[in-house]
Amino acid sequence: MKREKLFYGTAIAVLVAALILGLWYKQPKTIREITGIAAPDNIHISIIRFDEQINMEQRKLHLSAGDEGFDALMAQLDELEFRRPPTNLLRIALPFLGDADSGEKDWEEGDFYRMDVTFSSSDWEGPTAPSYVSFWVDQWSYRDYEHDLTLPLAVVDGKETGQALCAQLWEISQPAES
């Protein structure tokens, strides 16, 4: 009886701790918190879409701190609110579950296929200075370099938000050189 009470008490304590950890983990985060770069010096954006003949088109945008449009773009990116699903904790604990980034995505005509937003900073220290957030058709993700995984992110109206941002940035970016 005493052993059974101890077992159930421990099980309840572990479940409560897991619930609290999950709730803390899925708190809203800014793009700066997700990437770990509080004051980026550079923003690199790559956008891919396919035309009617399924030919890939790619555009790139690079802005450095002090460039015209840098602060406005940072302000817009700062408005994005990301949530990390608690299932990411399982992916981190059990890396054999794989990346969120694996496989091809289905897309509809008119959709942008992929956008990568990469931040870098000259005063950032670590094994990999740049850090990025990606958008694929309808799903957001980020690279967790500490665990060498690409993990999913939740964004309110994720597809609409990502597609609208892609369309806006497409207009101000330059065609990529082949």
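So, start with the side chains of S46 and Q58: a polar contact of 2.8 Å joins them. Keep in mind that this is a predicted model, so treat what I say as a description of that model.

Where does S46 sit? It's part of strand β1, which covers residues 42-50. And is S46 buried or exposed? Its relative accessibility is 14%, and the cut-off for buried is under 20%, so S46 counts as buried. If you skip the neighbours within four places in sequence, S46 is in contact with Q58, R59, K60, R114, M115 and D116.

Now step one residue back, to I45. Again leaving out neighbours within four places in sequence, I45 has contacts that include L61, L73, M115, V117 and L169. I45 also shows up in the largest nonpolar core, which has 30 residues. Which of those touch the most other members? That would be I43, I45, L77, F82, M115 and W140. As a bit of background, in soluble globular proteins nonpolar side chains tend to be buried together.

Let's look across from β1. Its pairing with β4 is antiparallel and runs over eight bridges, and I45 stands opposite V117 in β4. β4 is mostly covered, with nine of its nine residues buried. β4 also pairs with β5, again antiparallel, this time over six bridges. One example there is D116, whose bridge partner in β5 is S134.

Okay, zoom out to the whole sheet. It's an open sheet of eight strands, in the order β3-β7-β6-β5-β4-β1-β2-β8, with antiparallel pairing. At the edges you find β3 (82-83) and β8 (174-175); each has a single partner strand, so one side of each is left without a neighbour in the sheet. For β3, pairing with β7 (residues 149-155) is antiparallel, over two bridges. In that pairing, R83 has A154 of β7 as its bridge partner.

Definitions and conventions: Residues numbered from 1 in each chain as written. Predicted model: local features only at pLDDT ≥ 70, side-chain atom pairs only at ≥ 80, totals over all residues. Heavy atoms only, no water. Helix = DSSP H or I, 4+ residues; strand = E, 2+ residues; numbered from the N terminus. Buried < 20%, exposed > 50% of the residue type's maximum accessible area, 1.4 Å probe, protein only. Polar contact = N/O pair within 3.5 Å; in protein donor to acceptor, adjacent residues only side chain to side chain. Contact = heavy atoms within 4.5 Å. Core = buried A, V, L, I, M, F, W, Y, C linked by side-chain atoms within 4.5 Å. Pairing = 2+ DSSP bridges.
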